[in-house]
Amino acid sequence: MIDLTGKNALVTGAGRGIGKEIALSLARAGAHVALCDIDPDSAQTAAADVESVGSKALALSANVSDAGEVKEMFSSYFSGFETLDILVNNAGITRDSLIMRLKEEHWDAVLNVNLKSAYLCCKEAARPMMKARGGKIINIASVVGIMGNAGQVNYAASKAGLIGLTKTLAREFASRAINVNAVAPGFIQTAMTDKLSDSDKERLTNQIPMSLLGSPQDVANAVVFLGSSLSGYITGQVLTVDGGLVM
Ligand code: NAP
């Protein structure tokens, strides 16, 4: 059993889906968790669920693609928690379309929420983690950032960018004992994949060696491991959680 007692974590996009499950799993392992979401109500509801696990929870609201809102969100975080031991950059969106029909605003929105947000949050986390000479940063990428996916040029580019950001920050922060890793989920059953038609789901499932979609818990398990001392000698890596889709 992984023990995160005494650790403080911040998870973005934690109002629902994978982010909420990550927050709950970190709390079950003993961490105190701040849950940030663009929707204050879902952050509040998810934080109440984390509290019922027995951990301290802090609900924060911010659009993580906005520099000013991220700054304010971190200052609220540090009014509630003294340290930042684990940062999980999870917030993400899709705006799918083949490139010929992809609107510039949808390119910008996806790059801003999925990639710029990680730059902004890592920048805010850098000073306190460096001062503490330790920390864990976990970026939620996607297998699509490794293998590409027709109709998701914006999303794939954002997730490939997140992998580049992960490897670069791993190098920048290694001497301060800050581990920076990415988790690349495959197809996970959440609101994001509920949008797919049954025929698309069947087509995708047929490509997965384990022949099933993953669950938010599968992703959260990898995050808890990377957030723990068990991952001490692991940095700059991309851990795929995908039933064998990418190998
Ligand atoms: P989800 O159910 O859509 O949840 C995403 C969460 O992020 C929502 O609570 C959403 O808030 C929040 N969010 C969106 N934009 C935000 C912003 N600008 N600032 C702050 N919060 C924001 O998605 P999910 O399936 O759990 O995905 C979580 C992460 O895993 C994403 O990075 C996604 O790309 C990645 N991923 C998912 C899958 C999959 O199969 N589901 C596969 C690979 C990777 P609202 O609900 O209020 O909009």
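**Exercise 1.** In this predicted model, work out how the lining of the second largest pocket divides by class.

*Solution.* Start with the classes: four residues are nonpolar, six polar and four charged. Next, take the total, which is 14 lining residues. Then find the centre: Lys7, Asp85, Gly134, Gly135 and Lys136 lie nearest to it. Last, the volume of the second largest pocket is about 230 Å³.

**Exercise 2.** Describe the largest pocket and its lining.

*Solution.* Begin with the space: the largest pocket holds about 1,300 Å³. It is lined by 49 residues, and those closest to its centre are Gly92, Ile93, Thr94, Met192 and Lys195. Finish with the classes: 21 nonpolar, 19 polar and nine charged residues.

**Exercise 3.** Find the aromatic pairs and state how their rings are arranged.

*Solution.* The count is two aromatic pairs. Take Tyr77 and Phe78: their ring centres are 4.9 Å apart, and their planes stand at 85 degrees. Planes over 60 degrees apart count as edge-to-face, so the Tyr77 and Phe78 pair is edge-to-face. Tyr77 also pairs with Phe81, at 5.2 Å centre to centre. Here the angle between the planes is 85 degrees, again edge-to-face. Put together, Tyr77, Phe78 and Phe81 form one aromatic cluster.

Methods: Residues are numbered from 1 along each chain as its sequence is written. This is a predicted model: local features need pLDDT of at least 70, side-chain atom pairs count only at pLDDT 80 or more; totals for chains, interfaces and linings use all residues. Side-chain values use heavy atoms; hydrogens and water are left out. Rings of Phe, Tyr and Trp (its six-membered ring) pair if their centres lie within 6.5 Å; planes under 30 degrees apart count as stacked, over 60 as edge-to-face and the rest as tilted. On a 1 Å grid over the protein atoms alone, a cavity is a set of points where a 1.4 Å probe fits but cannot get out, and a pocket is an open set with protein on both sides within 12 Å along at least five of seven lines; lining residues have an atom within 4 Å of a point. Grid points are joined across faces, edges and corners, and a volume is the space filled by probe spheres set on the points. Ala, Val, Leu, Ile, Met, Phe, Trp, Tyr, Cys and Pro count as nonpolar, Asp, Glu, Lys and Arg as charged, and the others, Gly among them, as polar.
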